[in-house]
Amino acid sequence: MIVAMQAEATEEQIQQVIERLIQTGFNVHRTTGSLQTILAGVGSPSRFDPKDFELLAGVGDVVRISAPYKLAGKSFRPEGTVVEFSNGVKVGGNQVVVMAGPCSVESREQILTSARQVKAAGAQFLRGGAFKPRSSPYSFQGMGLEGLKLLREVGDETGLLIVSEVMEISQIPVMMPYVDLFQVGARNMQNFNLLRELGVVKKPVLLKRGIAATIEELLLSAEYILSGGNYGVILCERGIRTFETYTRNTMDISAIPVIKKLSHLPILGDPSHGTGRREQVGPMARAAVAAGCDGLLIEVHPNPDKAFSDGAQSLFPEQFSQLMSELRLIATAVNRKMQ
Ligand code: PEP
Ligand code: MN
């Protein structure tokens, strides 16, 4: 249940409503927008009447939420969530942000060159996997801690924020000093123990849609993180598995406006995994911005033909730079800003 307080509600009135929600058997999550405070009562108390809350002083609206996700739903934060990073970069605001870099960190030279190239083209985040979830156990599994250290070093040198994938709970404390954003990959979208643990860390999480996950399942996975008190969740559409075989996955562009309607969380598009083919990355990136995404996750490699992973879908640096110029035009056309 969502209780939207009146704009002029006092702190005392807010506290009274919180107490009442707790007495009724709810866990309370509070969010303060520019207009009003919103209280979400989460849980399933056996008996309660929303009217009891409507009558309390300072209460504006009481809405019973029928969707299975409560905190990920739009009514918890009607104005939308903006996730802010240490250097002032905001995801979910007017700006379309870009996270770019290679699929995997391979060497100091490779990641430093990548960082300089994506920074010059206008990206705000450097992406790069240090722990890689590979379909085959014989494929390159990532550089691990050494890769994380390289990411941090080149991130600091270039002023880029760092996003990298966390695959299991034990990696959270290891990664904590090195990343600005934890990425949960498609294969781990329903690793509920990992999600719960990320709910109590003080760092934002990029949650990618699973290869066979519905939008509702994606929002329920986000709910696991939010319910622990970590409201810094960014979603990502990265393609789903369909009967089509020409592309690696089918990039569900329609998920972007649907999620914008259902949720307050920012949503990114990943046209690299969404298509698996370099020549399709640009068109899908342009479509994602036109459809209203808050940012993009794009694989770029200084030498894609020699990449340890996902070379076929990685852009050459010049292609990325050209794409960024095109994206700026599209962002302007849909009233968004891009660096
Ligand atoms: C990645 O971003 O390199 C990755 C492994 O993505 P996904 O989890 O979407 O396959
Ligand atoms: Mn990849």
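Predicted model: local features only at pLDDT ≥ 70, side-chain atom pairs only at ≥ 80, totals over all residues.

Residues are numbered from 1 along each chain as its sequence is written, chains are lettered from A and ligands numbered from 1 in written order, and side-chain values use heavy atoms, without hydrogens and water.

**Ligand 1.** I looked up the residues around ligand 1 (a heavy atom within 4 Å) and found Cys103, Glu165, Arg187 and Arg238 among them. I then checked polar contacts (N or O atoms within 3.5 Å). Oxygen atoms of ligand 1 lie 2.9 Å from a side-chain N or O atom of Gln183, 2.8 Å from a polar side-chain atom of Lys208 and 3.2 Å from one of His273. The protein covers 97% of the 300 Å² of accessible area (Shrake-Rupley, 1.4 Å probe) that ligand 1 has on its own.

**Manganese ion.** Which residues coordinate the manganese ion (ligand 2)? I found Cys103 (SG), His273 (NE2), Glu299 (OE) and Asp310 (OD), at 2.1 to 2.4 Å; donors are N, O and S atoms within 2.8 Å of the metal (3.2 Å for Na, K and Ca). Along the chain, their spacing reads C-x169-H-x25-E-x10-D.

Technical notes:
Polar contact = N/O pair within 3.5 Å; in protein donor to acceptor, adjacent residues only side chain to side chain.
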